[in-house]
Number of protein chains: 4
Amino acid sequence: MAAVKETDTVILYDPEKEKKYFLNLSLSKGKFNTDRGEIELESLIGKPYGSFIETHKGFKYIILPCTVVDFIMHKLNRLTQIVYPKDAAFIALKLNVKPGDTVIESGIGSGAMTAVFAHIVGENGKVISYEKREEFIKNALSNLRKLGYENRVITKHKDIAEGFEETEVDAVFLDVREPWLYIHHAYKALKTGNMLGILVPTVNQIIETLKKLQELPFMDIEVCEILLRKYKTVPERLRPEDRMPAHTAFLIFARKLPQETENGSL
Amino acid sequence: MAAVKETDTVILYDPEKEKKYFLNLSLSKGKFNTDRGEIELESLIGKPYGSFIETHKGFKYIILPCTVVDFIMHKLNRLTQIVYPKDAAFIALKLNVKPGDTVIESGIGSGAMTAVFAHIVGENGKVISYEKREEFIKNALSNLRKLGYENRVITKHKDIAEGFEETEVDAVFLDVREPWLYIHHAYKALKTGNMLGILVPTVNQIIETLKKLQELPFMDIEVCEILLRKYKTVPERLRPEDRMPAHTAFLIFARKLPQETENGSL
Amino acid sequence: MAAVKETDTVILYDPEKEKKYFLNLSLSKGKFNTDRGEIELESLIGKPYGSFIETHKGFKYIILPCTVVDFIMHKLNRLTQIVYPKDAAFIALKLNVKPGDTVIESGIGSGAMTAVFAHIVGENGKVISYEKREEFIKNALSNLRKLGYENRVITKHKDIAEGFEETEVDAVFLDVREPWLYIHHAYKALKTGNMLGILVPTVNQIIETLKKLQELPFMDIEVCEILLRKYKTVPERLRPEDRMPAHTAFLIFARKLPQETENGSL
Amino acid sequence: MAAVKETDTVILYDPEKEKKYFLNLSLSKGKFNTDRGEIELESLIGKPYGSFIETHKGFKYIILPCTVVDFIMHKLNRLTQIVYPKDAAFIALKLNVKPGDTVIESGIGSGAMTAVFAHIVGENGKVISYEKREEFIKNALSNLRKLGYENRVITKHKDIAEGFEETEVDAVFLDVREPWLYIHHAYKALKTGNMLGILVPTVNQIIETLKKLQELPFMDIEVCEILLRKYKTVPERLRPEDRMPAHTAFLIFARKLPQETENGSL
């Protein structure tokens, strides 16, 4: 049975009030206080996930693990628009990211996409994240630390107009305002045959990005968007929720071809 | 630079005709024939991905790696409806599947979801797949072998009405006609606090599944569907494609609570 | 040039603040007050639509006509969930409603669907609206009066469990909790070959409605939903709005066959 | 009870085979032949809709009215992409089209939008349709004649680069390749306060159109798209259809302001 580690982010769940509290044990020290009493946070460490813990007033909470989706949706500190799980999951799969891979991304944003890449590349993989703004790096690393993923991520405080320092990486992901300016750099960094992913919020950006992709040796160029529609979970009156996100981002994918092809030239 | 291995599935890409051929080198032996000449398949082994190879007539093909999405969409032999990448990616992320995990699924179908789980759990993880129909197991294993993932998958030719043999697994995924009959078994197999995923095509099945989930100690019950909309990649006339899949499946998620809670009892 | 009539609902538009005020001239009497001065409402009558009118402080407003969509979205007094224009427009067209038609609906709700039917049947048509709850009739009629459509609508304060009093009507529309209980009444009221429309919010209601429709002599049974996605109107950064309605209602349509057919019997 | 007129388009429905035949009685003369026998078409005239008619072999067909949606989807002769009912219904309602209105459209296409406008403006209204290509006019008029709507439509074989000949019309609808070139003409033709509708298939066209609309005195500028998702009508296994149209067109709406406003100038 998995036990709580001192660096974990855990969920304390109050089953009566059906309320969740997200706590990172390396950062939150001392006592956790609610109107139902206190819990000594250190006492959580070593307890098996799923076990009960009592406040000093005798109320029971349940210790639950925090998934990467829980973390992104509820605990991630946001300085920017984030990449939502519906998009992040699809991006990671389309880019064929897997344990042990080396992935480049830029920028780091608030670290949501970084977290999903780090989650999948595992302890033997690396996410190399280029970001111009130091405060974003600092915030994203703080988020990644709470997930225990900081050792899987290398941040580079650089302007990618100068290019990427790596070559032969397994995947490249661009989430920047003008991705078309950096696609040739992404091309150089990528393994031939591997996938580039690009995220943009506007159709104007799709247009510019497509033009550039079509000038370079890329194939399998795709543009898509992913819509997630939730349902109310009342079985007697099953129906979709009233509102949903209409738009998060457009996703663009392309596969690197070797240079001497008809598909374009660098 | 990654080189072609003798068990790999590769893409041979004809850059002039913009045509792709998917070949598994452990199964396809001898010569690959097109109207542009022959290629000795054995000669591919050891070549770096992204390199060119010539037919005996002097036409050039490019050797490209086959991603798990490529494989599912183009090479997977289908005996059943499959779990599509848009759904599979989201399921794997919501179930928090990661390198080293042990995941139970039932049934195996044609192995598409199995492939995505195997892709992410990696060499140190396991996908345990329960399936009643032997021909499905055989076909799915043949598919997984072409991806090089057969060692990550344990198939069990069993009726899950008898329950799962494992406990404390990291995630459980049900893709069966009447999932509500097996949710209590899924509950027993799962680590407390971890996620159950269920896929059903009809709203009637959602209704029955929700009723059962609400009787048992589960929380965070969610129902959703994912729509993928592609765009034509002509930058001068950017517009969505004319048609899209309107429906593949509804996805249901729930998190296991310990037994002595108010949320339900076994 | 169309001139303002004393019963009209008009929009007073402040072009500097880009703000709209909806006013019904038969109900709102005396002065219209804003922080930019007063307008004597009677002075609007007879003015051409599109003309300017000044407050006593010299600020200019524009007098604009209020479309039926404007009215439903901004001025309709709602006691109930309403039928939204995206659905109402499609329902009216599918039911083939046209000038001069007689349409039955039940219930009246807040009168949004009634307004769209009345808009299209025109002065020579009739909307007969059955409603059990008197306060809904009163409110809906007040809404319809502001649109100038009260003479096109006959309300009947009756329980449709007793059936409809009309036969040979051009279209029937049901927006009630348990439409399956009244479909045989709708059948009797409709012209043979003409269309029945039903609106329900939940899938459980679709299921019950379909079962009943399939027992009776109906053909062309269809179930659908309509999604309206808006875009932000910034040409330099064109993108969908962030959120949208995920669900308003499911729409069901069927065409009445004569009784002696294989399709079912009354 | 409505009776078949000699100019009607009717549906002959074979209830055993569940098959529909669309026939226009002014064009189709003589005998209607199927493998189940012949029907003298003239014998349909005067029969009430919904009645049965027998072939000379004794098989029964049902005479059903053809709705405007039936006609557009099944009988309209298409030389162009058409405006689909889901879009046409919403356009007509947003443009506030009603019995007696005068509506300008350009181009006529295959007459689908024309038919919906003509359906709603009724016998006392007019649809004035500008079209450069004579073969489109000819084909659209042939379609409209089968619906009995030819007297409600005035076609003008002109290039709208020269402007519209009408002023003070109730609504203007543009479905042309470069609508931004003609918006000032649409502005002049429209009643102040009334609505302009524009249909374009690509996002590039939205961008150009928005730029122009924002230069002129328009308000309430909106861009949207409408998605219609159908369900399989099996109540025991209710689910959306497998595929759906992903895109037909983007719809743009704007309301004409008088000239001396801050919103733009002509």
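Domain 1 (9–66) and domain 2 (70–256) of chain A, with bounds from an automatic or database domain assignment, bury about 620 Å² between them. Buried area is the accessible area (1.4 Å probe) that two parts lose on being put together, summed over both. Carbon and sulfur atoms give 65% of it. A:Thr9, A:Phe22 and A:Cys66 supply 61% of the area that domain 1 of chain A buries against domain 2 of chain A. Seven residues of domain 1 are in contact (heavy atoms within 4.5 Å) with six residues of domain 2.

The model is predicted: local features need pLDDT of at least 70, side-chain atom pairs count only at pLDDT 80 or more, and totals for chains, interfaces and linings use all residues. Residues are numbered from 1 along each chain as its sequence is written, chains are lettered from A and ligands numbered from 1 in the order in which they are written, and side-chain values use heavy atoms, without hydrogens and water.

Between chain B and chain A, about 5,700 Å² is buried, 68% of it on carbon and sulfur atoms. Here 70 residues of chain B are in contact with 70 residues of chain A. Six salt bridges link the two chains. A:Arg255 and B:Asp70 form a salt bridge through their side chains (2.7 Å, N to O). Strand β12 (residues 218–232) of chain B gives the most to the side of chain B that touches chain A, with 13 residues. Strands are DSSP runs (E, at least two residues), numbered from the N terminus.

Key
Salt bridge = Lys/Arg side-chain N within 4 Å of Asp/Glu carboxyl O. Helix = DSSP H or I, 4+ residues; strand = E, 2+ residues; numbered from the N terminus.
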